[in-house]
Amino acid sequence: MKITALAESDKDPHPLRHDMAKGRIVAGCIAPHPPHLVYAENPDQNEPTSEGGWEQLRWGYERLRESLSEIDHDVIVILSPHWQTYVGTHFLGLENFQSLSVDPVFPNLFRYHYDLNVDVELAKQIHDNAEKAGLAVKMMENPDFRVDYGTITTGHLFNPKWDKPLVVISSNRSTDYYSAEVMQEMMIELGRITRETIEESGKKAIILASNSLSHRHFTTESEIPEDMSKEHIASHAMHLWDMRIIDYIRSGQTQRILDEMPEFIEQAIAESDGGGLSWLISALNTPDYPAILHGYGTIIGTGNAVVEWPCYKHEEESQ
Amino acid sequence: MSDGEIIGSYIVPVHPHTYLVPEQNPGWTKLREAFDEAALRIKNSEADLLIIYSTTWPSIIGHQIQADPNPEWVMVDHDFHDLGSIPYSFNIDSEFANAWNEANHQRGLKSRTVNYYGFPIDVGSVVALKLLNPDNAIPAVIVSSNVYANRSETSVMAKACLDVVRSTGRKAIAITAMSLSNRMFTENIDPADDKIHSLKDDEWNCKILELMEKGRLEDVGQLSRTIQKQIRIRKVVAFKPMWWLSAINDNRNDLTGEVLAYEAIHGAGAAVIHLDPASCGTGDKEYDEDDVEYFHGDRSVLDSNDSEDAAIDKNTEAIDEVTTAEENGPALWEPTMADGSVNTDSAPKPVGAYPHARRVGDLLYLSGVGPRQAVTNSIPGGPIHDENGEPLDYDIKAQTQAVIDNIASILEEAGSSLDQVIDVTTFLVDMKRDFQGYNEVWAETLGKIGPTRTTLAIRALPTPIAVEMKVIAQLLE
């Protein structure tokens with residue numbers, strides 16, 4: 001297997017010839033998880049209150065929700081870089097989780113009471129197929145487990161009604177253990193397995209990579225966290241990398257994102273080191289059509305994009 | 001009230017196996033027994049405070065200090081959730097936490113306390129407190145590990161803690177929750193098959209343990225970057241706890257060390273180590289890094305000059321937009337070469353087109369020498385102002401000593417030595433403030449050699465330093 005690119009033989013030669021009785025991915029999104037966006041929105045579930053802030057990104061999420069509001073789907077699949085696992089890839093394996101999520105880094109902003117449902121059947125199917133393919137995997141079945149705040153934040157921002165079940169996949173830290181190349185090899189495989197399992201399941205799924213782009217934080221916080229006069233990208237180099245990746249996203253060059261991922265991770269300290277973006281691109285079969293950029297903004301210096309690959313639309317136009 | 005002090009230090013592993021399933025592997029059982037022994041020693045000591053620095057609590061906005069007087073929850077590990085749950089209810093010394101936070105600010109650090117219901121106490125802290133302080137008899141305080149902090153920030157944070165220990169008369173135990181080598185097996189394993197992930201990791205762990213058993217904590221701290229590179233995976237939190245633990249023990253190298261257990265937990269190096277403050281009699285340091293009392297935001301200035309580290313640090317600096325001494329002053333030049341020029345990599349780079357020294361006959365004429373460090377360009381004792389010209393506190397004695405050390409380096413490069421100095425002209429930017437400290441260091445160094453001396457007050461120097469010396473010396477015959 002190639003490391004940074006899908007071999008031609010691995011790609012589905014007829015990605016659009018779907019048997020409509022089969023399950024399918026109807027959309028894939030980059031849906032970052034900064035708790036600041038939930039804090040700024042003042043939902044009932046979150047204890048702290050704010051005067052707003054980060055509107056560009058929140059409006060981006062609004063546009064994403066609007067874009068997908070009429071798209072029928074059964075399940076949302078999230079890969080979260082804040083459920084960090086070192087012994088393989090893990091899946092939430094109980095039907096319901098309720099608790100209080102307190103961000104260990106920004107507890108002043110995010111103390112969120114959550115109640116989410118899991119599509120355990122689909123999670124187990126992906127788990128089993130990944131295991132058959134040789135990946136190290138584990139189901140998380142401890143009822144005391146607190147779901148990571150990244151999943152909760154992305155879950156809220158993408159679907160504040162919480163009326164769809166989730167499949168939640170952990171972030172295997174193979175970049176840390178080995179290299180970005182090894183991470184991509186594993187995540188491309190997991191993406192393929194995710195796509196094929198969804199197709200087998202007969203379900204319609206939206207898949208979300210819950211990660212930012214450049215990920216260099218400020219090391220100080222303004223007295224009023226939502227003071228937007230203090231918000232900007234951490235450095236020019238980070239901006240250049242974000243725009244480079246967004247250009248590839250908007251022009252349908254996802255293969256180039258995979259090809260340049262090791263440099264992106266190293267130079268932009270990108271949160272895609274957690275595998276989410278590589279997994280997403282692979283699960284979408286390395287799309288060569290433009291994605292929709294719904295919003296871009298910075299949060300304590302990090303670059304964040306809200307992006308949608310409208311698979312449903314692309315299929316309709318192609319048929 | 002008598003002065004407070006650190007009456008003992010412990011290094012303990014972070015994974016939940018020792019608490020939840022010690023019986024599943026003989027090594028885990030030994031670690032649990034070592035935890036129990038450590039708990040007994042702590043119980044029988046005079047300790048009235050446990051201070052935990054945990055590598056499994058990363059932070060971004062400075063350091064965070066737990067200040068909830070009674071945090072309660074049920075902890076489940078993100079990786080080893082199948083081993084079970086750990087309910088906890090801890091006794092936190094919130095008064096100390098708040099005082100430490102304030103002391104951090106006084107030393108130039110960013111930090112804050114956290115006191116929120118439901119805050120997720122990290123696995124390393126939970127395991128340490130559950131096993132070392134099972135009945136909550138001793139109040140504790142927990143601090144995070146900042147992902148961006150370097151040695152100076154981490155060390156100063158420890159010194160701020162020590163300030164409060166001393167001023168409040170506490171008898172404190174310092175604890176670092178950490179692995180040695182932290183590479184785990186990336187697949188599920190049978191507990192019976194657990195072992196250190198690789199021979200290389202095991203050898204490095206044993207090297208660390210040998211130093212610990214000899215009480216050479218500061219040496220381990222100064223090896224921290226090398227250890228990180230050799231046996232630590234590239235996680236956000238590096239091998240920083242040794243910086244913290246050494247600084248809170250006054251950077252000592254003569255503690256009495258004892259390794260209570262060393263085993264593997266899912267491949268990672270896990271050890272329970274006790275460091276007693278009683279001197280073991282040795283103490284010379286293998287290395288001698290700068291020590292910092294006040295944090296000026298000068299990340300990276302103390303980093304290794306190892307080529308790979310330097311490259312990484314250079315990238316980091318570019319991203320950080322941090323203030324180094326180099327940024328806080330004019331550009332640096334390569335020393336010029338001419339007949340009789342003497343230049344050395346062991347002295348700071350010039351700020352203009354001139355050599356470090358020039359040889360004429362049997363005399364050496366040195367260009368003005370300041371305290372900047374050769375590779376890092378850092379200023380021992382701290383710069384006198386920041387990049388905006390705002391005055392900063394600094395240590396004139398440290399600067400003066402660094403000037404004399406730089407002079408010695410240049411003289412040695414020329415084939416001379418400090419005792420050949422015959423005349424010195426010293427420039428001070430603040431005669432009233434600094435003359436006494438400068439004079440004391442002089443008396444202990446050049447004053448014992450006996451060169452003639454002239455000391456002048458001047459308005460400014462090109463870099464943010466307080467002292468510079470112009471030297472004439474003889475060549476050795």
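Tutor: Domain bounds come from an automatic or database domain assignment. This is a predicted model, and for chain B the assignment gives domain 1 (5-276) and domain 2 (325-474). The C-alpha centres of domain 1 of chain B and domain 2 of chain B are 41 Å apart.

Student: How do you know how confident the predictor is in chain B?

Tutor: The pLDDT runs from 0 to 100 for each residue. Chain B has a mean pLDDT of 89, with 91% of its residues at 70 or more. In residues 298-327 of chain B, however, the pLDDT is below 50, although this stretch has 58 contacts in the model beyond near neighbours in sequence. The scores of the model are ipTM 0.89 and pTM 0.76.

Student: Why is α3(B) called oblique to α5(B)?

Tutor: Helix α3 (residues 94-106) of chain B packs against helix α5 (residues 151-167) of chain B at about 130°, and their axes are 8 Å apart. Roughly perpendicular covers 65 to 115 degrees and roughly antiparallel begins over 145, so an angle between those ranges counts as oblique. Therefore α3(B) is oblique to α5(B). The crossing of α3(B) past α5(B) is right-handed.

Student: What makes up the contact of α3(B) with α5(B)?

Tutor: From α3(B) come B:Phe96, B:Ala99, B:Trp100, B:Ala103 and B:Asn104, and from α5(B) come B:Met157, B:Ala160, B:Cys161, B:Asp163 and B:Val164. By class, the residues of this contact are eight nonpolar, one polar and one charged.

Student: Why are α11(B) and α12(B) described as oblique to each other?

Tutor: The axes of helix α11 (residues 396-413) of chain B and helix α12 (residues 431-444) of chain B cross at roughly 45° and come within 8 Å. Roughly parallel requires an angle under 35 degrees, and roughly perpendicular starts at 65, so an angle between the two is oblique. α11(B) and α12(B) are therefore oblique to each other. α11(B) passes α12(B) in a right-handed crossing.

Student: Which residues make that contact?

Tutor: On α11(B) they are B:Ile396, B:Lys397, B:Thr400 and B:Gln401; on α12(B) they are B:Asp434, B:Gly437, B:Tyr438, B:Glu440, B:Val441 and B:Trp442. The residues of this contact divide into four nonpolar, three polar and three charged.

Student: What makes residues of chain B count as in contact with chain A, and how many are there?

Tutor: The criterion is that C-beta atoms, placed from the backbone, lie within 7 Å. On that basis 31 residues of chain B are in contact with 29 residues of chain A. The side of chain B that touches chain A has 14 nonpolar, nine polar and eight charged residues.

Conventions
Residues are numbered from 1 along each chain as its sequence is written. Chains are lettered from A and ligands numbered from 1 in the order in which they are written. This is a predicted model: local features need pLDDT of at least 70, side-chain atom pairs count only at pLDDT 80 or more; totals for chains, interfaces and linings use all residues. Two residues are in contact if their C-beta atoms, placed from the backbone, lie within 7 Å. Ala, Val, Leu, Ile, Met, Phe, Trp, Tyr, Cys and Pro count as nonpolar, Asp, Glu, Lys and Arg as charged, and the others, Gly among them, as polar. Axes are lines fitted to C-alpha atoms, for helices over the stretch in contact, and angles run from 0 to 180 degrees between N-to-C directions. Helices (H or I, at least four residues) and strands (E, at least two) are DSSP runs, numbered from the N terminus. A crossing is left-handed if the near helix is turned anticlockwise from the far one by less than a right angle, and right-handed if clockwise.
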